[in-house]
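Subject: Structure handover

Hi,

Here is the structure I said I would pass on. Please open it first; my notes follow below.

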Amino acid sequence: MKQQPPFCIQLELTEGCNLACSFCGLAAIRDNGADGPNKIRGKNSHPYKFLEYASARVIAKKLQRAMKKDKWNPRIEMAMHGEPTMNPQFLNIVQLFRKELPTTHLQMTSNGAGLLSGDLTKNIDTLLSSGLNVLLLDNYESIKICDKVRTRYIGNYPIYEYPLNKKANPHRRRKPSDHDIVIVQDIDHASQGTHSTINNHAGSAFPKNSRAVGKRCAKVFRELSIRWDGSVAICCNDWPGFYRCGNIIQKGEFESLWQNTAFIAARKKLYHGYRDFGPCKGCDATSYRPGLLPDAQGKKEYEKPDDSTLIAIKDALKKGPYTSAVPRPWER
């Protein structure tokens, strides 16, 4: 079955973060001290790994071709396994994607740290005027970066609090002319909205469990996650990248990557609720409206896994992770 294009492409500008949060899967690929007693330690997970401008240009050009030839229309979220504003080229990359993809929804999910150096208002206004539609700021109250944004920002764009203002949902697509700052409530206090829950990140953040056994996962149907070097794993929750699906910079186009045997095998499994392979085994991530799979109307069906499925999964796992895994306390 040919899978319709993804709704979202996650783009990793940085692997590594200026913070070390215990609920984050980063500790599974960086020995950053997040297993200590404090939830947020503030210890840098150096050395950072950055998406280079030349690589970003390859990705943008290939996505442009996918939109023209294969009718792709994803929103792009600059996030994943680190803090995007630590990348010294983050502004140039936003400008690049806006130039190549003038109508695409561009979002950056950040803790805001890279915007504090110098004139905060100028930094934010330059970023948004360069083409970013949504600057989503995760509010970690103990480090008070968002407090500084609220008090020091005197620029041209509105600041919305989410989920207090439900219309500010950062994942709602904006027009190219819309530019919003959205501050998301600290997850310690959030009880509603799309950012109010966390999962075990396939065992990278918390121990694996059986809570999602038998449940469909929509990520391999709706989302494509690109790491800093162009490599693609099964989803953003596979922090080390155990399940390899290819590299969009090195080889091929978006459509051929999205329809390859590794993704198809995973879809056959997850459509039927089989979370018994690779990073999916013990992952407790759940999806929004998983009944509407594999297509947006839920009218089609995926056949059940067969021997070819198992062979494709074995092949996707055999080379090991993209990034060396750091054992978590429950794995030692």
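**Helix H2 and its cover**

Start with helix H2, residues 90-100, where Phe90, Ile93, Val94, Leu96, Phe97, Arg98 and Glu100 are buried. Keep in mind that this is a predicted model. Several elements cover the buried residues of H2. Among them are two helices, H1 (53-69) and H3 (120-129). Strands S1 (8-11), S4 (75-78) and S5 (106-110) are also included.

**The cores**

Phe97 of H2 turns up again in the largest nonpolar core, which has 63 residues. Phe97 is one of the residues with the most contacts inside that core, along with Trp72, Ile124, Leu224, Tyr243 and Phe254. In general, nonpolar side chains tend to be buried together in soluble globular proteins.

Another core lies apart from the largest one. This other core has eight residues, including Cys17, Phe23, Leu26 and Trp239.

What does Trp72 touch, leaving out residues up to four places away in sequence? The list is Pro5, Pro6, Ile9, Leu63, Ala66, Met67, Leu224, Phe254, Glu255 and Trp258.

Trp72 is also part of a cluster linked by ring pairs, together with Phe254, Trp258 and Phe263. The model has eight aromatic pairs in total. One of them is Trp258 with Phe263, a tilted pair at 5.2 Å centre to centre and 55° between the planes. Trp258 has a relative accessible area of 0% and is buried. Phe263 is buried too, with a relative accessible area of 1%.

**Glu223**

Glu223 sits in strand S9, residues 223-226. Is Glu223 buried or exposed? Its relative accessibility is 14%, and the cut-off for buried is under 20%, so Glu223 counts as buried. Its contacts, again leaving out residues up to four places away in sequence, are Pro6, Cys8, Gln10, Cys236 and Trp258. Cys236 is 13 residues from Glu223 along the chain, and their C-alpha atoms are separated by 8.7 Å.

Ile198, Phe206 and Trp330 make a nonpolar surface patch of about 260 Å². Phe206 lies in the loop between strand S8 (180-184) and helix H5 (219-222). Phe206 has a relative accessible area of 32%, so Phe206 is partly exposed.

Best wishes

Definitions and conventions. Residues are numbered from 1 along each chain as its sequence is written. This is a predicted model: local features need pLDDT of at least 70, side-chain atom pairs count only at pLDDT 80 or more; totals for chains, interfaces and linings use all residues. Side-chain values use heavy atoms; hydrogens and water are left out. Buried means under 20% relative accessible area, exposed over 50%, partly exposed in between (1.4 Å probe, protein chains only). Helices (H or I, at least four residues) and strands (E, at least two) are DSSP runs, numbered from the N terminus. Contact means heavy atoms within 4.5 Å. A nonpolar core is a set of buried Ala, Val, Leu, Ile, Met, Phe, Trp, Tyr and Cys residues joined through side-chain atoms within 4.5 Å. Patches are made of residues with over 30% relative accessible area and no salt bridge: like charges are joined within 9 Å, nonpolar side chains (Val, Leu, Ile, Met, Phe, Trp, Tyr) within 5 Å. Accessible areas come from the Shrake-Rupley method with a 1.4 Å probe; for residues, only the protein chains shown count as cover. A salt bridge is a side-chain nitrogen of Lys or Arg within 4 Å of a carboxyl oxygen of Asp or Glu. Rings of Phe, Tyr and Trp (its six-membered ring) pair if their centres lie within 6.5 Å; planes under 30 degrees apart count as stacked, over 60 as edge-to-face and the rest as tilted.
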